[in-house]
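Dear colleague,

I am passing on the structure we spoke about, and below it you will find a short account of what turned up when I went through it. Please read the account with the structure open beside you.

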Amino acid sequence: MNRKKHYHSISDIIAAVYCEQKLIFDRDLGDASPLPIRKKAAEGTLEHQRFAMESQRAAIDKRCFIASSIYGIDSIEAVTLRKWRDDVLLQSKMGCLFVYGYYRLSPCMVSVMAHQAWLVSLARAGLDWWLAVLDKKVNK
């Protein structure tokens with residue numbers, strides 16, 4: 001059973017502490033707050049979610065499945081590719097979509113590569129080429 005986690009905003013928690021009866025009415029009858037207040041509350045909740053997502057991204061993210069499997073998790077190559085992901089890819093919507101797709105596909109790719117040495121060689125050649133491109137850009 002795959003249940004979506006439901007998190008309560010700090011505003012919800014404070015409301016429950018401040019006025020439990022209002023929380024029960026809102027649950028049973030719907031929120032009767034004026035529209036401008038609901039709008040501000042929704043904006044605040046969105047800002048909290050954005051902040052939480054950015055702080056999670058700011059935490060050290062060592063996911064780089066293919067490079068980690070080929071070079072090692074703390075290798076200079078894997079660190080370079082992670083830095084490129086953080087500094088370049090995650091700064092644009094297209095880059096974020098690419099990273100999302102990569103995270104969806106790469107664990108399966110690593111599993112397949114574990115049984116196919118030629119795929120490891122191919123991936124290594126591609127990553128070596130890309131690392132050389134990145135190195136030329138940095139050392140211009």
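Please keep in mind throughout that this is a predicted model.

As for the fold, the secondary structure consists of seven helices and zero strands, so that, read from the N terminus, the order of elements is α-α-α-α-α-α-α. When contacts between residues at least 6 apart in sequence are considered, 55% of them join residues that are at least 24 apart.

Two residues were looked at in detail. The first topic is D26, which sits in helix α2, spanning residues 20–29. D26 counts as partly exposed because its relative accessibility is 23%, and the range for that class lies between 20% and 50%. Leaving aside residues up to four places away in sequence, D26 touches D31 and A32.

The other is S75, which is found in the loop between α4 (65–71) and α5 (76–87). Its relative accessibility is 13%, and S75 therefore counts as buried, given that the cut-off for that class is under 20%. The side chain of S75 also reaches the backbone nitrogen of A78, at a distance of 3.2 Å.

Methods. Residues numbered from 1 in each chain as written. Predicted model: local features only at pLDDT ≥ 70, side-chain atom pairs only at ≥ 80, totals over all residues. Heavy atoms only, no water. Helix = DSSP H or I, 4+ residues; strand = E, 2+ residues; numbered from the N terminus. Buried < 20%, exposed > 50% of the residue type's maximum accessible area, 1.4 Å probe, protein only. Contact = heavy atoms within 4.5 Å. Polar contact = N/O pair within 3.5 Å; in protein donor to acceptor, adjacent residues only side chain to side chain.
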